[in-house]
Amino acid sequence: MFGYDSNVRHEFDWVAFLAGVVSVLLSIFLFRNPGKGLKGLVVIFAVVSIMQGIVWLSMYAGFHRIFGPSWTTLISGIFDLVVGIFFLANNQLGALTISYIVAIWFIVDSVIGIVFAWHLRFFETGWYFFFNLLLNILGLVLGVMLLFQPEVAGLSTIWLIAVYMMVFGINEIVLAFMHR
């Protein structure tokens, strides 16, 4: 009743195809120009931060009428606006900040993984405990290395985004042909 009928002919999915081609092309551009990609990421981050600041300030105005002053929304709105404007004005500092955030994210995530792996030893007596512990220690070492080499962290972030966009794009192109 609700199953897929293989006898029904579907049309080519042009939207998926175009999204796939754009993603693949953008991925290739990012692989060839990671510095420009990082600058673009900073601009996107800055614009989103400014938009979020405006949202917080409008929420402050709305909350102020209903609940009285909400200082957290006011402070968050001002902070987001300042960060966004500052990143637009100083793209290099924005790239450096994003690079440090990525490195710290690796470190925190790996430390949490090590703590989790340590608890695994009570439940898992086999290889998984050691494997998980080893991967998280490697992640911690990588995070510390990225912390001391922020340019590598920034470029690695762009490469990860490029790989994701390549995979997404190829998947969308294949999906477009499958809809025929």
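Contact here means heavy atoms within 4.5 Å, and helices (H or I, at least four residues) are DSSP runs numbered from the N terminus. This is a predicted model, in which local features need pLDDT of at least 70 and side-chain atom pairs count only at pLDDT 80 or more, while totals for chains, interfaces and linings use all residues. Residues are numbered from 1 along each chain as its sequence is written, and side-chain values use heavy atoms, with hydrogens and water left out.

Q: What covers the buried residues of α5?
A: The cover includes α4 and α6 (150-178); the buried residues of α5 are F129, N132, L133, N136, G139, G143 and L146.

Q: How do you know that the buried residues of α5 line one face of the helix?
A: Seen down the axis of α5, they fall within an arc of 145 degrees, so they line one face, the arc being that of the directions from the helix axis to the C-beta atoms. On the other side of α5, W127, F130 and F148 are exposed.

Q: Why is T73 called buried?
A: Buried means under 20% relative accessible area, exposed over 50%, and partly exposed in between (1.4 Å probe, protein chains only); T73 has a relative accessible area of 3%, and is therefore buried. T73, in helix α3 (residues 71-89), touches W56, Y60 and F63, not counting residues up to four places away in sequence.

Q: Why is L93 called partly exposed?
A: The relative accessible area of L93 is 30%, and therefore L93 is partly exposed. L93 is found in helix α4.

Technical notes
Helix = DSSP H or I, 4+ residues; strand = E, 2+ residues; numbered from the N terminus.
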